Amino acid sequence: KEGERGEVISFGPEYNRLILSDNHLFYNPGVTIDDPDAKIFGLGLLFENGDIHQEHRRLMMPAFHKRTVETYCDTMVTAIDEFLNRWQIGTQRDINHDMHQLTMHIVTKVLFGIDVRDRSETLGDLIVAALNASTDPLTFLIPVNRRGFPLYNMIQSFKKLIARIRELIAEKRLHPDSQNDALSILLHATDEAGGKLSDDELIG
C-alpha cells in the first residue's frame with residue numbers, strides 16, 4: 001500500500017551487484033543515531049548516494065583489484081596452513097573457537113596488516129565485541145541510547161573499535177613503506193585531482 005515500507009531480500013550476484021552499485025535505483029536514506037560522535041556510522045559505500053558514492057567506489061577499487069585480491073588469498077592460505085599444522089591427530093578441538101580465531105587472524109591481517117595472534121593486540125577483540133553488539137536484536141528493538149541499553153553498548157563498542165583504527169591509520173601514515181593490506185592501499189588511493197579519503201571516510 002502507498003506509504004507503507006517493506007523489506008526485499010535479494011539472492012544471486014546480479015541482484016547484489018545492482019543493490020551495491022546502482023545507488024540511483026537503490027537510494028540509501030542513511031543512518032540516524034542519537035549520539036554526536038556516531039556520525040561515523042553513516043559513512044561508507046553502503047550509506048552513500050550519487051556522485052560521492054561513485055567517487056569513493058573508484059578510490060576503493062585498487063584495494064579490491066584482482067591482483068590485490070590474489071595477494072589476500074596467499075595470506076589466507078598461509079594462515080590456514082600454519083593453523084592446521086598446530087592440530088594433532090587424536091586430539092579433540094573446539095571447532096567453533098578455532099574457526100573464530102582463524103577468521104579474526106585472516107580479517108585483521110588482510111584488512112589492517114596486523115597479527116592478532118599476539119594477544120597484546122586488541123583489534124580482534126574489539127571487532128568481535130562490536131559485531132556481537134550490532135547483531136543483538138534488542139539493539140534495534142529498543143532504540144534507546146542510554147547507559148544500560150543495548151544500543152548504547154553497541155555505540156560504545158564501535159567507538160572503541162574506531163579509536164583503535166584511528167591509531168592504526170596514524171601508524172601507517174608514519175610508516176608507509178611496502179604495506180599491501182587493504183587499509184594501507186586505501187590510504188594511498190587518489191582520484192584524478194589528487195584527492196584522498198579522509199580518516200572518517202576510511203573508517204566508514
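Is the crossing of α3 and α4 left-handed or right-handed? Before we look, note that this is a predicted model, where local features need pLDDT of at least 70, side-chain atom pairs count only at pLDDT 80 or more, and totals for chains, interfaces and linings use all residues. Residues are numbered from 1 along each chain as its sequence is written, and side-chain values use heavy atoms, with hydrogens and water left out.

Now find helix α3 (residues 66-84) and helix α4 (residues 95-112), whose axes come within 10 Å and cross at roughly 145 degrees. Helices here are DSSP runs (H or I, at least four residues), numbered from the N terminus. Axes are lines fitted to C-alpha atoms over the stretch in contact, with angles from 0 to 180 degrees between N-to-C directions. The crossing is right-handed, meaning the near helix is turned clockwise from the far one by less than a right angle.

Next comes the largest nonpolar core, with 36 residues. Such a core is a set of buried Ala, Val, Leu, Ile, Met, Phe, Trp, Tyr and Cys residues joined through side-chain atoms within 4.5 Å; buried means under 20% relative accessible area, with a 1.4 Å probe and protein chains only. Helix α7 gives the largest share, nine residues. Ile-169 is one of those with the most contacts inside the core, and its partners include Leu-183 and Leu-202.

Finally, look at Lys-172, found in helix α7 (residues 150-174). Lys-172 counts as buried because its relative accessibility is 7%. Its side chain reaches the backbone oxygen of Phe-112 at 2.8 Å.

Key:
Helices (H or I, at least four residues) and strands (E, at least two) are DSSP runs, numbered from the N terminus. Buried means under 20% relative accessible area, exposed over 50%, partly exposed in between (1.4 Å probe, protein chains only). A polar contact is a pair of N or O atoms within 3.5 Å; within protein, one must be able to donate a hydrogen and the other to accept it, and residues adjacent in sequence count only if both atoms are side-chain atoms. Contact means heavy atoms within 4.5 Å. Lists of a residue's contacts leave out its neighbours within four places in sequence.
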